[in-house]
Amino acid sequence: MTDRPSPERSDAPLKPAEPVRKPAARAVRTGLPLIWLVPIAALVVTLGVGWNMIAGRGTLISVAFKDATGITPGETALKFREITVGKVESVRFTEDLQQVLVNMRVDKDLAPYIDSESQFWIVRPQVSAQGISRLDTVLTGAFVEGFWDDKPDEPQTRFQGLDRPPLTSFGEKGTWIVLSTDRSRGMTEGAPVMFRGLPVGQMQNLRLSEDDESVLADVFIAAPHDARLTTSTVFWDTSGFSVSLGAQGLSLNVNSLASVLQGGAEFATLTSGGRPVEDGHVFTLQPDEATARTNLFADEAQALRLTMRIGESVKGLETGANVQFMGLTVGRVTDLAARVIADAEGREHIEQEVTLALTPARLGLPDETTPEQALDFLAGQVRAGLRARVASAGFFGTSLQVELVELPDATPAELDRAGDPYPLIPSVPGEISDFTETAQGFLTRVGNLPIEEALKSVTDMMNSVTAIASSEDTRAIPGALRGTLEDAQAAAGEIRQVTTELRESGAVGQLRRMVDEAAAAAEAVKLAAADVPAMVDQIDAAAVKIEAVDYAAIGTEAEGILRDVRALLGTEDAERLPRDLSETLKAASGLLNDLRDGNAAGSLNTALASASTAAQDVSDAAKRLPQLSARLEALAARADAVIAAYGDRSSFNNETINLMREMRRAANAFGSLARTIERNPQAFILGR
Amino acid sequence: MSAPAQDAPVLTAHRAGLVGCRSCGRAWPEAETTCRRCGSALVPPDRRCLNAVWAWLAAGFIFYIPANLFPMLKTSTFGGLRGNSESTILGGVVELMHYGNYGIAAVIFAASVMVPVGKFVAIAWLALVAGRPATVRAAHKRLALYEVVEFIGRWSMIDVFVVAILSALVQLGFVASIHPGPAAVSFALSVAFTMLSAQSFDPRLIWRGLPLRSRKDHE
Amino acid sequence: MQTEGEYDLSTGAGLTACPRCDALHVERELEPGETARCLRCNTLLASPRAGAFTRIIALSFASLVLMVGAVFFPFLEISRMGFGNQTSLFGVALAFSHGALMPLTVAVLGMIVGLPVLRALLLVYTLLPLARKRRPFAHAVPAFRLSEALRPWSMAEIFVIGTAIALVKVGGLANISFGPAFWAFCGLILVNAASNAFTSAATIWDAIEDAGMATDGREIVPEPRA
């Protein structure tokens, strides 16, 4: 649609207009160089900033890790002493795809210190028996931590990262030692090593020894505690808890809840004369403190080995049993074997051969004694009467040990130096006090008391007195006699009365019942005594089971055992036995007095004589009874002590209660923590 | 040739049977389709361009609706413990007012709500009245409106950039992180289409149909 | 070749139509510093400036340099409770780069970085020979046309304002600090604004014509002065 200019209009034909022109306000004359300042300035500034950034960037290092959990390229920081000193730039694989290479850029001023001794590890939340550590990295993200010292050695840019944070940092002063044990009980990564209850080091790097026979752990003992280490320091395992039944009773040793769960070791230097240790010295971890304190073999190769031969049973003698001399442990049994020996006639029989390892130092010999000198000394002693024999050890006497005793009247013998494989020390039969035998003998003696016969005699005597008093013959005796007889009759009547009273009051029955009960008690004790070996086995089994941490079962078992023991030693019957016996004594002596006071005739005398013999027997037996009952009482007192040890105020109970209190406290803490988290997770995380 | 008198009617290229190049200004005969100087297409100022205007405007409007219904930003503080909030444009404005940032709330409201809606209305009105006879003054006003719309059009993109910056910046892991929502895309498209719509509108249409009486017709 | 002042209504030679209101004007050669406005709607028709081309070239170089800094240096750093995050322009664009939002990434990056860079390059390409009064390069015409077409889509300054608003929103949440890229961007905006002030499309077209590029044979030759 176009509009043509209509020429009919009066005005002129339309023409294109002139644009409205406005002249320049002023002469705009700017020099050429001025505007070029702008790009030049921009270039300079940009280059300057860029150069600054690149120059101040720091060096790039690569650390190889097993995996890169928690590492984000461009974000994860490298920290040194909790200060960010670098950042992860990129993550890639190593050439063999086995590890992850993390490339990090470290601040310039720290780069010179990163030398070949630097260590790097990833800090992530870790859960261990000591608790949860580094939970804050859940919020802030994991980071790489590095450690290096302040002495710049030759710089290095490629490192191998550690899998776990090192438990100790190098540069700390101290000594590295190695602990070795045949099973890794008590050894866990990070378990504390204590000295007098203070943690002075930690176990790390658990591994098998080269010959696969023991488990080794490295421990770093920090200065100044490492000054206390000598070659005669002993280490023992403090993990778990130990229950021991000894002459003092039952005792429980628990160190702390942490050591129960996590393990740990403690050390002490018990004897002097050790040499200072260097890094890498190997110590053996003993199973418990008692063993450590008696264990003396810093160096088993120096032990003096002997053998002894015995012909009797060595049931109860085990490898590791002590060798005692005058009550001191001087060595231990290392081997038990059987040997076929041909005696003088050429007949062969089998003897037990026991190998002993003695520490000369414990015998009192100076440290520098050579084995030859030690043997010389022993040979002299043997000539003077030193013999070896098996003896019982322990409370129940079922475990055995070897004793070196001086028997001046022993048959002369010589130390056989040419013995094979070790010199042979002459031996004598052992003195084994068998509880079961003793108890059995005692009960046999009780059973052998001729109580029944004594009572039978008394009854017969009473019958004959009655017969005499009531027979016709006594009526023919003259009146004076009659009077006497009447007196005697009266006496006899009194006796009868007494007897009747006795019978009516059921004393005889009582006596008989008492005898029955005594027999039954003896029977029960015999039965119980039969149970004793079984009970001892039970106790051994329980002691073995104590290694496991099932405390509840052990508690029940211990209770059961102690119930049995109590049953054995505290039954009413057993308690009543001495009481019953003393009552019998009283009754019998009362009867005897009556009988003696009654002025009966000569026929009475015979009866009385027999009665007195019977009574004598009874009194003899009764004399023995206090001894036996005293013994029984002593035994019962010991048992009471044992039970008291387990009773209310005993240390066993205290330890148990303390342990349970600790557990309850820990459980309460966890419970309240869990409740806090449930109720208000934000407060837990934000700390408000 | 002297300039015509000041009050003479204006001769437009359209009336003269010519077409002016919109980018370089040179006038060409109507039959030409391409400007021979700058190479851009020669479009006569008629209503055909309104098709494109309405089309782009409709597209812009269609994309504007989900831009308001869907969330622009997804904020999660403390890993979701403190709250996950998704805010639409209006929701964000309300929240800012709630926190007392009235100034910023006003700016956002202006840039994200008033301006786009105003643009829709303005372009629609311009397209409707284009070519209808009106006074010169009205024409001036419409031209002014058009220039305002054209200028403002780009600035509506601010919202998209704000979302982009926030999403890129506030990535603080556990503590706080912001992610763009689907409304961001939709809004960006809406702004783009509206800009295209404004560009398609030929302002010369405003001046068509004006009386030839006088240049300075003050009716 | 057209003498200034002569025009032909049938072919449109020597005539300029106002892009806004379609009013016809006679094409005139303007003095540097003068402005020519439309008679009716007062739109700026042409405004040649002395040394404008050189300035535009210089400013374009500056904007290229600043753009490099703006892209590669860190832009903003935020920190709160020990967490920190740094973002550069790439990070801003990548924020959208999850799946369905990928086109948006491209668009945002393009509008902020790509188009300004392209425009700067095109301007340099067009104006470099013109500033030295030489014949323009081969594709100067489509180059400049593209540059003009892209002008409304380069949104660097809008981006910076958007950043400021975002910072106000986030400022209560964490500590913000500006990196060198932010300042580079601010400089970029100023440079772009100056560059736009010096750019007059009609003038450049004229210059392209006058410099010897035979476009349509209608170059204005100044009136022969007596």
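**View 1. M194(A) stands opposite P199(A) in β13(A).** The model shown is predicted. Strand β12 (residues 192-195) and strand β13 (residues 198-208) of chain A run antiparallel and are joined by 4 bridges. Two strands pair if DSSP finds at least two bridges between them. Strands (E, at least two residues) and helices (H or I, at least four) are DSSP runs, numbered from the N terminus.

**View 2. In chain A, 7 strands form a closed barrel.** The order is β11-β14-β13-β12-β18-β15-β19, with mixed pairing. Strands of a sheet pair through backbone hydrogen bonds, either parallel or antiparallel.

**View 3. Chain B meets chain C.** The contact (heavy atoms within 4.5 Å) takes 68 residues from chain B and 70 residues from chain C. Together the two chains bury about 6,000 Å², 71% of it on carbon and sulfur atoms. Buried area is the accessible area (1.4 Å probe) that two parts lose on being put together, summed over both. On the chain B side, R37(B), F161(B) and L169(B) lose the most area to chain C, together 12% of what that side buries.

**View 4. R154(B) and E157(C) join their side chains in a salt bridge.** The N to O distance is 3.2 Å. A salt bridge puts a side-chain nitrogen of Lys or Arg within 4 Å of a carboxyl oxygen of Asp or Glu. Between chain B and chain C the count is 5 salt bridges.

**Notes.** Residues are numbered from 1 along each chain as its sequence is written, and chains are lettered from A in the order in which they are written. Local features need pLDDT of at least 70, side-chain atom pairs count only at pLDDT 80 or more, and totals for chains, interfaces and linings use all residues, while side-chain values use heavy atoms, leaving out hydrogens and water.
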